[in-house]
Amino acid sequence: MASVGKRAGRINEDFVGVLPEAAVLVDGAGIPGGEVTCRHGVAWYASHLGGTLLGLLPQDRDLADLLAEAITHVTDDHRDTCAVTDPISPSAAVAVLRLSGDRADYLVLGDATIVIDRSEEGAPVVVTDRREVVISGRYEPALKAADPGSDEYRRILGELRSHRNRPGGFWVAKDDPGAAREAVTGTVPGPASAALLSNGASRIVDRFGLADWPELMTELARKGPAEVIRRVREAEERQAVPPDDATIAHCTSLTRPA
C-alpha cells in the first residue's frame with residue numbers, strides 16, 4: 001500500500017486498510033467552507049467509515065448491506081454534533097474487494113477504481129463509477145471561468161452538488177445509507193491480483209494516459225504503488241494539474257493453490 005497527501009503538511013483525506021481476505025479504500029471529499037458543517041473533518045469521516053467497514057467485512061453478507069451499515073454507524077456517531085445532512089458536509093468514494101473461495105466480490109461507490117487481473121484470462125476487469133466524472137464535466141468550464149471563493153463560484157458548485165445522491169445524478173457515501181444500493185457491485189472468478197485506487201492515483205491512466213490498465217498492473221508488480229504515485233506527481237507538475245491525495249492498495253497472490 002501507498003498513500004500520499006496532495007501536498008506536504010496537508011492532511012491526507014484518503015484511507016486504506018486491509019484484512020487477510022479483504023481491502024478497503026475510502027477517498028474523502030469536502031469543499032472549502034465545509035468545516036462549519038462538521039467539527040471532525042473529511043479525514044475523520046474517511047478513516048472512521050473505512051475502519052468501520054473493515055470491521056464488518058468478515059461477516060458473510062452482501063457488500064452493499066455492509067456499506068449501508070457502516071454509513072449509518074458513522075452518521076450516528078456525529079449526528080448530534082455536526083450538520084450531517086448539509087450538502088457540503090463530508091462525503092467519500094469507496095472501493096471494497098473481498099475474497100470468497102475462488103472468487104473476488106467487489107464494490108465501488110463514487111470515483112474510485114478497482115482493477116482485477118485474472119492472469120491468463122486477457123485484459124483485467126476494471127470497475128469504476130463514472131457518474132460523478134460525467135456530471136462534473138458539465139460544470140468544469142464554468143467553474144474554471146469563475147473566481148474561486150466568489151458567489152458565482154459557490155452558486156455553480158452548489159448546482160453541481162445538487163446532483164449528489166439523487167436519481168439521475170451521482171452517488172457517494174455520506175449520511176444516507178441508501179446510497180450504498182447504488183454502488184457498482186459484482187463478482188470476478190479466479191482473481192490473480194488486484195489494485196484499489198483513489199481517483200488521485202488512477203489519473204495515471206484515466207487522465208494522463210501514461211499507461212493503460214494492463215501496463216499499470218505490470219508496473220505495480222514490478223515497482224510497487226509508491227513508484228506509480230511518484231509518476232502521477234511528476235505528471236501533475238508537468239501539466240500544471242492541481243495535485244490530489246493519491247492512494248493504492250496492490251493485492252497479490254489472490255488465487256489459492258488447489
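Helices here are DSSP runs of H or I at least four residues long, and strands are runs of E at least two long, both numbered from the N terminus. Keep that numbering in mind for the stops below. The model is predicted.

**The whole protein**

Start with everything shown. Colour by secondary structure. The protein has seven helices and ten strands. Its radius of gyration is 18 Å, close to the 18 Å that the globule rule gives for 258 residues, so the protein is as compact as a globular protein of that length. Along the principal axes, the C-alpha atoms fill a box of roughly 60 × 45 × 35 Å.

Switch to a surface. The protein exposes about 12,200 Å². Carbon and sulfur atoms supply 50% of that area. Buried residues make up 50% of the 258 residues.

Now think about how the chain meets itself. Take the contacts between residues at least 6 apart in sequence: 68% of them join residues at least 24 apart.

Colour by charge next. There are 29 positive and 39 negative charges. Their mean positions lie 3 Å apart.

**Stop 1: L19**

Go back to cartoon view. Select L19. You are in strand 2, residues 14-19. L19 is partly exposed, because its relative accessible area is 31% and that class runs between 20% and 50%.

L19 and L54 are 35 residues apart in sequence, yet their C-alpha atoms are 7.4 Å apart in space. Leaving out residues up to four places away in sequence, L19 touches L54, L57 and P58.

**Stop 2: R164**

Select R164. It sits in the loop between helix 4 and strand 8. Is R164 buried or exposed? R164 counts as buried, because its relative accessibility is 6% and the cut-off for buried is under 20%.

Display the side chains around R164. Beyond residues up to four places away in sequence, R164 touches D86, P87, I88, S89, S91, F170, V172 and K174. Zoom in on S91. A polar contact of 3.3 Å joins the side chains of R164 and S91.

Then pick R131. R164 and R131 are 33 residues apart in sequence. C-alpha to C-alpha, the pair is 9.8 Å apart.

**Stop 3: N165**

Move to N165. The loop holding N165 runs between helix 4 (151-161) and strand 8 (184-189). N165 has a relative accessibility of 10%, so it counts as buried.

Which backbone atom does the side chain of N165 reach at 2.8 Å? The backbone nitrogen of V172. Show the rest of the surroundings. Leaving aside neighbours within four places in sequence, N165 is in contact with F170, W171, V172, K174 and A179.

Look at the backbone here as well. Most residues other than glycine have a negative phi. N165 has a positive phi of about 50 degrees, although it is not a glycine.

**Stop 4: A240**

Select A240 for another positive phi. The value for A240 is near 55 degrees, in a residue other than glycine. A240 is in the loop between helix 7 (225-238) and strand 10 (246-251). A240 counts as exposed, because its relative accessibility is 68% and exposed means over 50%.

**Stop 5: E219**

Select helix 6, residues 213-223, and find E219 within that helix. E219 is buried, with a relative accessible area of 11%.

Which side chain makes a polar contact of 2.5 Å with the side chain of E219? That of R231. With neighbours within four places in sequence left aside, E219 is in contact with G224, E227, V228 and R231.

**Stop 6: L254**

End in the segment after strand 10, where L254 is found. L254 has a relative accessibility of 10%, so it counts as buried.

Select what surrounds L254. Not counting residues up to four places away in sequence, L254 touches L97, L99, P191, A192, S193 and A194.

L254 and E182 are 72 residues apart in sequence. In space, their C-alpha atoms are 27 Å apart.

Terms used:
Residues numbered from 1 in each chain as written. Predicted model: local features only at pLDDT ≥ 70, side-chain atom pairs only at ≥ 80, totals over all residues. Heavy atoms only, no water. Buried < 20%, exposed > 50% of the residue type's maximum accessible area, 1.4 Å probe, protein only. Polar contact = N/O pair within 3.5 Å; in protein donor to acceptor, adjacent residues only side chain to side chain. Contact = heavy atoms within 4.5 Å. Rg over C-alpha atoms; globule rule 2.2 N^0.38 Å. Areas by Shrake-Rupley, 256 points an atom, 1.4 Å probe, with all protein chains shown as cover. Lys, Arg positive; Asp, Glu negative; His and termini not counted. Charge placed at Lys NZ, Arg CZ, Asp CG, Glu CD.
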